Amino acid sequence: MDSEQIAYLNQLKEHLFHAILEISDVIMYGDTHHVETINHFGDKQLSLDVLTDEVMFETLRKSKVVKYALSEEKPELQDMGGDHFIVSFDPLDGSSIVDVNWSVGTIFCIWPNKDKLIGLTGRDILSAGIAVYGPRTTILWYNVESGNVEEYSIKRDDNDKLMWVRIKESVKIAEKGKIFAPANMRASADNKAYEALLEYWRTNKYTLRYTGGLVPDVYQIFIKGQGIFANPVSKEAPAKLRLLYEVAPIAFLVEKAGGKTSNGSHSILDIKVEDYTQKSPLAAGSKEEVERFEKYMAENRN
Ligand code: FDP
């Protein structure tokens, strides 16, 4: 990227980070119901999914550097009026666990503006970020200048204003690690490879760390610096995770942090975008753990 593009990207980063503060506020004080409701005064109350989606689109419009944006909620190109980037995002991942007050997140992915995303792969991604709304709101972000995945947290400045502070300069994922997050476990009923892999993790005394929220379930791998998140599929339990809004940005960050990703046979970053609602299996984390995942999937194809 040339210095002009980097400056535009940094401008976009500022806006996106601000959106995360706004979304954090919406989650903290917003309505956690999934359906549109009418409040006491007859006002229409929007679901958190819709509210957070609006925060993101509004932010991207204001940034003035984004040509198109699309989200899990609105999976078609929306014109944002700028020139330089296309942004795909999931404004609120984990909407089925927000009501029980578990950690949820936002995922965003910045692509070059080539008028569309069809035909691109994860190798074209310029940068990406994931924000987790837990006891603290934090962000993982890929810094194009340093080539590092960084972690940011919120602090208050002397005037009590919220600001972002970088708390880790370079997040790295080790080659192996005995933490596992087994998503879509129902697939193991008719996917023998997954059943065998679960048995491997159990008998080798891996530590189970799974919440059912993709963002916290993946985020832990960056912070603990090891482990595997696996979301294999089966005939009875097909893919649910979406390539553009979840799988590709997460894979980009994992691989930039030194980890590995797979759809069962190759890196997620080599999957070509064919449509804006495409789904994919996902394994991500420590290199050796993801290699084992691939080996099991290859040996036990059913
Ligand atoms: P949710 O439906 O709660 O928004 O992709 C969405 C997601 O959550 C992921 O965060 C999570 O990993 C996955 O779905 C969980 O799916 P299941 O509840 O079907 O296991």
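Strand S11, spanning residues 179-182, runs parallel to S12, and two bridges join the pair. Within this pairing, Ile179 stands opposite Thr207 of S12. The model described here is a predicted one.

The two strands belong to an open sheet of five strands, whose order is S12-S11-S13-S15-S14 and whose pairing is mixed. Its edges are formed by strand S12 (207-208) and strand S14 (260-262), each of which pairs on one side only. Two helices lie across parts of this sheet. Helix H6 (residues 287-299) lies across strand S13 (228-231), S14 and S15, running at about 20° to S14.

A further open sheet contains eight strands in the order S4-S3-S5-S6-S7-S8-S9-S10, again with mixed pairing. Strand S4 (78-79) and strand S10 (162-168) stand at its edges; each has a single partner strand, so one side of each is left without a neighbour in the sheet. Inside the sheet, strand S6 (residues 104-112) and strand S7 (residues 127-133) run antiparallel and are joined by seven bridges. Here Val104 stands opposite Tyr133 in S7. Helix H1 (residues 3-29) packs on this sheet and touches strand S3 (66-71), strand S5 (85-93), S6, S7, strand S8 (137-143), strand S9 (148-156) and S10; the direction of H1 makes about 160° with that of S6.

Helix H5 also lies across strands of the eight-stranded sheet, namely S3, S5, S6, S7, S8 and S9, and runs at about 80° to S6.

The ligand can be considered next. The residues surrounding it are Asp93, Gly94, Ser95, Ser96, Arg186, Gly212, Gly213, Leu214, Lys240, Leu241, Arg242 and Glu246. By class, this shell divides into two nonpolar, five polar and five charged residues. In the side chain of Asp93, an N or O atom is 2.5 Å from a ligand oxygen. A polar side-chain atom of Ser96 likewise lies 2.5 Å from an oxygen atom of the ligand. For Arg242, the distance from a polar side-chain atom to a ligand oxygen is 3.4 Å. Taken alone, the ligand exposes 450 Å², of which the protein buries 82%.

Notes:
Residues are numbered from 1 along each chain as its sequence is written. This is a predicted model: local features need pLDDT of at least 70, side-chain atom pairs count only at pLDDT 80 or more; totals for chains, interfaces and linings use all residues. Side-chain values use heavy atoms; hydrogens and water are left out. Two strands pair if DSSP finds at least two bridges between them. Helices (H or I, at least four residues) and strands (E, at least two) are DSSP runs, numbered from the N terminus. Contact means heavy atoms within 4.5 Å. Axes are lines fitted to C-alpha atoms, for helices over the stretch in contact, and angles run from 0 to 180 degrees between N-to-C directions. A residue is near a molecule or strand if one of its heavy atoms lies within 4 Å of it. A polar contact is a pair of N or O atoms within 3.5 Å; within protein, one must be able to donate a hydrogen and the other to accept it, and residues adjacent in sequence count only if both atoms are side-chain atoms. Accessible areas come from the Shrake-Rupley method with a 1.4 Å probe; for residues, only the protein chains shown count as cover. Ala, Val, Leu, Ile, Met, Phe, Trp, Tyr, Cys and Pro count as nonpolar, Asp, Glu, Lys and Arg as charged, and the others, Gly among them, as polar.
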